[in-house]
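Thank you all for coming this morning. I would like to walk you through one structure, taking it slowly for anyone who has not seen it before.

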Amino acid sequence: MKQPILSIGGLTPFTTLDFPGHLAAVIFCQGCPWHCGYCHNPHLLDFQAKSTLSWHKVERFLQSRQGLLDAVVFSGGEPILQKGLLDAVKRVRDLGFKVALHTAGINSNPIAKLLPYLDWIGFDIKAPFARYAMITGVPDSGKQPEKSAQLILESGIAYEFRTTVHPQLLNEKTLLELAMSLADLGVQRYVLQDCRPAHCLDASLQTFSRNQVLGNERLIQDILAIIPETIVRNR
Ligand code: SF4
């Protein structure tokens, strides 16, 4: 059978964190066109980097975990830019696993095709859509994620929308604005994630010791009033 063409930058054989409530393996896809200063997977950004694993090896590993793992998570990098992702997702389903996707929704076309085959999406929201460039470094980069977000919400798939909060990149006012725009879209499950400064792509963002934005209880209460199912993670 023809192998899916997927550029793979790594594999985590077991996690309970990347698909809530599931024992999963994570496949890290290689390549992302954005340059978020807080990116903690900079080795996965280069599209030209050689795959560290063949799909054949991944599939053999998954066959050895049938009955032991519930699910496979495709993460990155930006997995939806991989031409072979849909084929890989179908193969994983055929092996009997649920499938989850971590994405920033960089292109809404593949999202639309993938949705019928997914069980859960962790969707990274960088900032208010009109201001994505301040995080990604790419002009107009919020347009496709906004369409992707609408598709995800309309599909009825289980999801988590999440925002990584670096105190030098997102302040209280911007987070409140973001929460209001997400509530308007219909987002009901939202996670604010603390940033891991030691691994930031941009060395100038590696210095803070306490995230005063996520430590602001008043802000968290205000966001909870907007999206009641909000969680603060890793604070
Ligand atoms: S979208 Fe994700 S993988 Fe791409 S640069 Fe931003 S944090 Fe890194």
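I will begin with an annotated region, then turn to one strand and its partners, and end with the nonpolar cores.

Please keep in mind throughout that what you see is a predicted model. The UniProt record, which is an unreviewed entry, places a feature called "domain: Radical SAM core" at residues 18–229.

Let me now turn to strand 6, which covers residues 158–165 and is mostly covered, with seven of its eight residues buried. Which strands pair with strand 6? One is strand 5, residues 120–124, which runs parallel to strand 6 and is joined to it by five bridges, and here Ile 121 stands opposite Tyr 159. Another is strand 7, residues 189–194, again paired with strand 6 in the parallel sense over five bridges, with Val 165 standing opposite Asp 194. Taken with helix 6, residues 172–185, strands 6 and 7 make a right-handed β-α-β unit.

That brings me to the interior. In soluble globular proteins, nonpolar side chains tend to be buried together. Here the largest nonpolar core has 65 residues, and those touching the most other members are Trp 55, Leu 62, Phe 74, Leu 101, Ile 152, Phe 161 and Leu 175. If we leave aside neighbours within four places in sequence, Leu 62 is in contact with Ala 25, Val 72, Val 92, Leu 95 and Phe 97. Apart from this core lies another, of nine residues, including Phe 19, Phe 28, Val 73 and Ala 100.

Definitions and conventions: Residues are numbered from 1 along each chain as its sequence is written. This is a predicted model: local features need pLDDT of at least 70, side-chain atom pairs count only at pLDDT 80 or more; totals for chains, interfaces and linings use all residues. Side-chain values use heavy atoms; hydrogens and water are left out. Buried means under 20% relative accessible area, exposed over 50%, partly exposed in between (1.4 Å probe, protein chains only). Helices (H or I, at least four residues) and strands (E, at least two) are DSSP runs, numbered from the N terminus. Two strands pair if DSSP finds at least two bridges between them. A crossover is right-handed if, with the strands pointing away from the viewer, the path from the first strand over the helix to the second runs clockwise. UniProt positions are given in the numbering used here, feature names are shortened, and annotations may be inferred rather than shown by experiment. A nonpolar core is a set of buried Ala, Val, Leu, Ile, Met, Phe, Trp, Tyr and Cys residues joined through side-chain atoms within 4.5 Å. Contact means heavy atoms within 4.5 Å.
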